[in-house]
Amino acid sequence: MSGARDATAHGAAAGARAGATGSSGRTVLEATGLSVAYGGNTALALERLEVREGEVVGVVGANGAGKSTLVNAIAGWSRGTPRVAGAVRLDGRELSSLPAHLRARAGLLLVPEGKLVFGEMTVDENLTLPGGVHVAPGRRYYDRESVFELFPRLRERRGHLGAQLSGGERQMLGIGRALMLGPRVLMLDEPSIGLAPRLVSTVLRTMRTLASDGLSVLLVEQNVRAAIEVVDRLVLLERGRVVLEGPAAEMRDDPRIAQAYLGTGHET
Amino acid sequence: MNLLQQFVNGVVLGHAYALVAIGWTVLLGVARLVNFGHGQMYMLGAFMTWWALAGLGLPYPLAIAVAMAVGALVGLVLQRVMLQATMQQNLVSIMIMTLGFGYVLHGAAALVFGSTGQIMDTPLSTREITFGDTWLTWQDAAIVVVAIAVFVVLELTLERTRVGRLVRMVAEDPKLAELAGVNVRSVYLGVFAFEGAAVALAAAMVGPRTPILTSMGFEEVIMTFVVVVLGGIGSVWGSYLAGLALGLFTAFFGALVSPAYTTAAAFAVLIAVLVLRPGGLAARAR
């Protein structure tokens with residue numbers, strides 16, 4: 001960890017942002033001063049991250065860089081017991097004090113890494129809405145039928161148990177369940193893990209389609225090669241900090257991105 | 001010996017076991033929680049029914065409703081107190097807290113109701129059905145009917161309704177359920193209210209079979225534990241079958257061998273089943 005290097009990185013990020021030509025929509029998601037610690041170890045120290053309307057932002061970085069920690073903290077969720085501080089705003093509304101299920105209902109949806117469907121329940125049953133969800137204006141709530149239109153494969157498998165699904169089908173089901181809650185921001189944590197390359201591009205292209213409908217997407221990916229094809233903006237995390245940020249087109253040629261590309265991770 | 005009589009006794013006893021265990025089955029299946037205060041909540045349900053019948057002079061159905069309402073309230077209070085430990089799935093804390101809660105209930109009940117046994121007579125328990133030299137009371141018949149009805153309604157609720165699906169989501173993965181927008185705390189509270197109401201219903205139905213004592217809780221929780229574990233933890237049909245099997249076993253063992261050793265024998269069977277089928281009777285072959 002070197003302060004000088006960080007400073008350079010932030011300079012580069014600022015420069016890149018100034019030159020950004022990407023989405024000009026208004027800010028939907030804004031996280032500021034977000035910090036996460038496990039025990040005494042700081043896993044994330046983020047100054048600011050924003051996602052604009054209809055924008056797909058990719059978060060990349062090596063293993064342990066804090067990518068999952070970032071989206072989990074935004075969702076107010078974790079399978080562990082971290083200490084989280086900082087502000088999360090959705091359409092200007094402060095959500096930091098809300099528990100995870102209320103953030104989900106407010107439109108901040110996370111499709112987590114690893115176990116993301118209910119294995120002992122069928123596809124149909126997985127697509128069950130909780131009670132007490134009121135439809136808010138300006139959000140699109142998919143019903144089961146439109147989820148099946150988006151992912152015809154799920155319709156074919158609707159009677160199967162979650163545990164019987166392939167990795168790709170689980171991603172689709174996780175995304176489908178999130179869409180039913182009327183997301184403003186959809187956060188995907190490593191959707192490409194364990195998927196065949198063709199499926200990866202299917203899932204990622206779907207994100208692009210959803211974004212063109214006005215949905216904002218925050219995509220955590222280790223597979224930078226696949227991610228960079230669909231994202232508007234890329235954020236590079238290292239040791240829990242943003243070291244580089246900019247439009248996908250410009251980031252493609254950055255040596256630090258190239259490093260992450262090749263998977264020559266320089267940390268644990 | 002009248003074999004048919006033993007069979008009838010076993011069926012009635014089995015349905016009684018299953019009915020008493022149902023709240024705990026759901027508790028284990030859904031919240032992955034235990035409630036060692038279950039037996040004392042049974043005792044409280046029995047005494048509430050007795051008090052409503054004998055003390056307030058309410059009709060039997062209304063007395064059952066009073067007992068169930070009190071049971072649900074006790075379940076809610078217990079779960080509200082333990083919520084922190086529940087959310088962290090801190091099983092050891094929960095075991096000790098529920099065990100302690102049971103003793104508090106026992107003490108409170110002994111203060112209010114005294115330590116002498118009471119007979120809980122209902123309009124059904126004093127009338128008999130006889131065929132040949134075999135007999136049972138209408139109360140016994142009602143236990144069988146109510147137990148079957150509760151199991152069917154519960155199974156349909158869990159499998160077919162939205163509430164049932166949300167409950168199963170929390171059962172499988174409470175963390176993931178949060179991301180699906182489910183209010184996990186209220187599901188836990190609801191499950192404990194159900195546990196309290198269900199065990200009170202069981203007490204109101206089964207209580208009239210024997211004199212009721214404020215100290216009878218522990219024996220109940222032990223047999224419930226056998227039923228739930230034997231059935232396959234959290235399996236609704238498994239615990240119904242296990243209750244029935246245990247009832248028949250107890251009746252025939254008591255008649256053919258000796259009633260004094262039935263609990264010991266039941267545990268011997270439990271251990272044997274768990275060795276042969278670690279997941280309980282309802283476990284699918286893997």
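**Entry 1: a hairpin**

How many residues lie between E9(A) and E10(A) in their hairpin? I found two residues between them, and Arg239(A) in the turn has a positive phi of about 45°. I noted that this is a predicted model, where local features need pLDDT of at least 70, side-chain atom pairs count only at pLDDT 80 or more, and totals for chains, interfaces and linings use all residues. Residues are numbered from 1 along each chain as its sequence is written, while chains are lettered from A and ligands numbered from 1 in the order in which they are written.

**Entry 2**

I looked up E9(A), residues 233-238; strands (E, at least two residues) and helices (H or I, at least four) are DSSP runs numbered from the N terminus. Strands pair if DSSP finds at least two bridges between them. E10(A), residues 241-247, runs antiparallel to E9(A) with six bridges, and E3(A), residues 56-61, runs parallel to E9(A) with five. I traced Arg233(A) to Val57(A), its bridge partner, and to Pro247(A), opposite it in E10(A).

I checked burial next (20 or more other C-beta atoms within 10 Å of a residue's own, C-beta atoms being placed from the backbone). Six of the six residues of E9(A) are buried. Arg233(A), Val235(A) and Leu237(A) sit on one side, with Leu234(A), Leu236(A) and Glu238(A) on the other.

**Entry 2: where the chains meet**

I saw 16 residues of chain B in contact with 22 of chain A, contact meaning C-beta atoms, placed from the backbone, within 7 Å. On the chain B side, H6(B) gives the most, with six residues.

Note on methods. Two residues are in contact if their C-beta atoms, placed from the backbone, lie within 7 Å. A residue is buried if 20 or more other C-beta atoms lie within 10 Å of its own, exposed if 12 or fewer, and partly exposed in between; C-beta atoms are placed from the backbone.
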